[in-house]
Amino acid sequence: MAYAEALLVVMTCGVVAEVLRGILPTSSITFVFLLGVLAVAVRRGLGAALLTTVLSYGSIRFFFGAPYFDFGVSDRETYIAVTVFLVVSLVVGTIAARLREQLEDAKERARRNSLVYDLSRRLTAVTGIDELTRTVTECVEEACNRAALILLRTDAGLLHQSASDGAREGTLSTTDLAAAQAALDGGTVTGAGSGRHEASPWRFLPVATASPGGEPRVLGVLAVRRSQARDAAKQEEEERLLQAVRDQAAIALERVQLADQRERARLLEESERLRTALLASVSHDLRTPLASIIGAGSSLQALGDALDDSARHELLDTVLGEAERLDRFVQNLLDMTRIEHGAIEPKRQWCDLRDTVGDALRHLRRTLGAHRVVVEMSAGVPLLYTDPVLLDHVLVNLIDNARKFSPSGAPIALSATAARNGAVTISIEDQGQGIPPAERERIFEMFSRLEGSDSKVTGTGLGLAICRGFVNALGGTLVVAEGGAGRGTRMVITLPPSPLLELPRGEEA
Amino acid sequence: MSATGRRILVVDDEPQIRKFLRISLGAHGFEVIEAANAAEGLARCARESPDLVVLDLGLPDYDGLKLVAEIRQLSEAPIVVLSVRANERDKVTALDAGANDYVTKPFGINELVARIRAALRVQPTSTAHSVYTQGALTLDIARRRVTLNDTVIALSKREFELLALLVRHAGMVLTHRQLLREIWGPEHESDVQYLRVYVGQLRQKLGDDPSAPRFIANEQGVGYRFIDEPGADPPPAPH
């Protein structure tokens, strides 16, 4: 390609020279060809420049030196001019070609440096080990065109991590691995060109950071395939680049590992908190009703006939009521476990919301006592394709909550409306003390209780978490909003639209 | 109705349950025989011809649903199953396999007695009764007339069929499938939405409030039941 260009350039110069033939003397015509040589040297390097020189020299002698169309040159002046041309052309061509080479080198260096700066920037954004090793090995591959691997220290020994495209998992032989291990343990470079484990096609650079004591902590090893660079200067340059990469990798690696440790500690702390809360809750909430049951039952047994009818009825009421409470608590725990394990599978069927609300109110009739629930269902609420048992459970919990927080006598408002797309919104509103905006998400966490709330409030702290778990399983959302007129609390359930429904055709009366 | 002399077989592996059933059902005038496992249950059923069987679906040594089918083969006696909460699918399967009604554990004795009475009373194939009265409601099957407090209520054909079917089995649960098959035919046995619409219409016409029903009770996820003992306690909150 370059040589074809040389030919083309010479031909172009010939044409130009031909045009100028009458105007300029032959010695000046050589400058036209000199320009050609210069152009080719800058563009195509030494080899092409030399070819251009030779071709130009030949052309001048053949076409422009009298006698024409003959390589011989009769004129002494022209002869000198042509010879000078050859010498100058060679020198100029060589200089220009070398300049070009240096320019290429400078560009290459700039590219590598920019890759290293780029690496630094990318490493600050990296969040995981895999991402980190991949970024680093890709950088090495791009900068030096050499395959790279990063091996990390595990509790036992070394662990293979990601590789760039040039290398695959398992390409390290046992000797290679031994060399890598030596780099890890000794904190020194091993492998090709290091004087240790020379036979390996890889070079192993330890990735280490300084620890507070001053001793370097080796976190892993950067393995790079042996250099293809031909001269020592280039090799040295690559080595410097690798060291820069390695150092950046060390810092990023340490950062990522610390972040990992912090996250694990946080999760551990969180699960500890839940476990503690669960134990406390189970212990208290199981034992309390049991205490009442055993108390009342043993009183009945011990006092027997000494009790009058009404006293006996009351004690029996206690036994029954507290046993039911215990049952509710056990059910809550089971539900919560199912939710945590993602084991809730809604069993959907077509439901009439009126049915479900009715059921919920029936279940709560004894508990509600004097509290009134006012139900307002808009006419457009369609049949819902959902799980009636789960939905009932949610409504029971929410209405019961509303009752707990409502002053007696104040009504609880339950309303349901349908949106145009078929989504249904159910809201339960009480007139109680309300929930401050800061708490509105926290109350859905397990075992949370409202700060500074009336200590008469009973419950396991699981109710709302279960409600949300169930509503989510049904594909809906449950949120808290402020009650109307700025007081109280409004719980809002939104259920997704149900599929299209085929209803029976009109029937005869 | 008189329960004197009716024999009930209780099949449950829990001795405490058997004890309290023996005592309380006995106090209601029933003769109670017991079985602690499936094999004993089948044997006593064959030998002693109970009038009704109370069966725990959760027997540890045998699949409760299979047991329902096997008892059904031995005896025409109604079966009331005891099942744990949140197992609607099993309840429906048991009912479809031949059980007549169910009670959810833990349960109160009133509820169980109501189911037992309803199951012992119902003669679904009998055509002797063509007029049913439940409280203020009267159904005249032959004349297809429904009156509430002496006012005639206009019902469509399907509405009447649905109401009549429920009333004929008053006190007993009918699964969605049973209702749909009977009234709309087997090809519609999964179209629960039909039931929702028609029960809604019935309720409206009868003035029945779903949160405090007098006539039609919704058995969540299972079916419907016509209420025959208005004084009976509602089941405790299952939550």
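**View 1. Helices H4 and H5 of chain A pack against each other in this predicted model.** Helix H4(A) covers residues 76–125, and helix H5(A) covers residues 129–144. Their axes lie 10 Å apart, at an angle of about 175°. Angles over 145 degrees count as roughly antiparallel. H4(A) and H5(A) are therefore roughly antiparallel to each other. From H4(A), the contact uses A:Glu108, A:Arg111, A:Arg112, A:Leu115, A:Leu119, A:Arg122 and A:Leu123. From H5(A) come A:Leu132, A:Thr135, A:Val136, A:Glu138, A:Cys139, A:Glu142, A:Ala143 and A:Cys144. By class, this contact holds eight nonpolar residues, six charged residues and one polar residue.

**View 2. Chain B meets chain A.** Chain B gives 33 residues to the contact, and chain A gives 35 residues. The buried area between the two chains is about 3100 Å². Carbon and sulfur atoms supply 55% of that area. Nine residue pairs are in polar contact between chain B and chain A, with both residues at pLDDT 80 or more.

**View 3. Four helices of chain B give two or more residues each to the side that touches chain A.** These helices are H4 (88–97), H6 (157–168), H7 (176–184) and H8 (192–206) of chain B. H8(B) provides the largest share of this side, eight residues. Sorted by class, the side of chain B that touches chain A has 16 nonpolar, nine polar and eight charged residues.

**View 4. A salt bridge pairs A:Asp355 with B:Arg203.** The closest N and O atoms of A:Asp355 and B:Arg203 are 2.4 Å apart. Two salt bridges are found across the interface of chain B and chain A. Over all chains, the whole structure has 48 salt bridges. A:Asp355 lies in helix H9 (residues 353–363) of chain A and B:Arg203 lies in helix H8 of chain B, so the pair joins two chains.

**View 5. A cis peptide bond joins B:Lys105 and B:Pro106.** Omega for this bond is about -5°. B:Pro106 sits in a loop of chain B. That loop runs between strand E5 (101–105) and helix H5 (109–121) of chain B.

**View 6. B:Ser49 has a positive phi.** The phi of B:Ser49 is about 40°, although this residue is not a glycine. B:Ser49 is found in the loop between helix H2 (38–48) and strand E3 (52–56) of chain B.

Methods. Residues numbered from 1 in each chain as written. Chains lettered and ligands numbered in written order. Predicted model: local features only at pLDDT ≥ 70, side-chain atom pairs only at ≥ 80, totals over all residues. Heavy atoms only, no water. Contact = heavy atoms within 4.5 Å. Buried area = accessible area lost by both parts, 1.4 Å probe. Salt bridge = Lys/Arg side-chain N within 4 Å of Asp/Glu carboxyl O. Polar contact = N/O pair within 3.5 Å; in protein donor to acceptor, adjacent residues only side chain to side chain. Nonpolar A, V, L, I, M, F, W, Y, C, P; charged D, E, K, R; others polar. Axes fitted to C-alpha atoms, helices over the stretch in contact; angles between N-to-C directions. Parallel < 35°, antiparallel > 145°, perpendicular 65-115°, else oblique.
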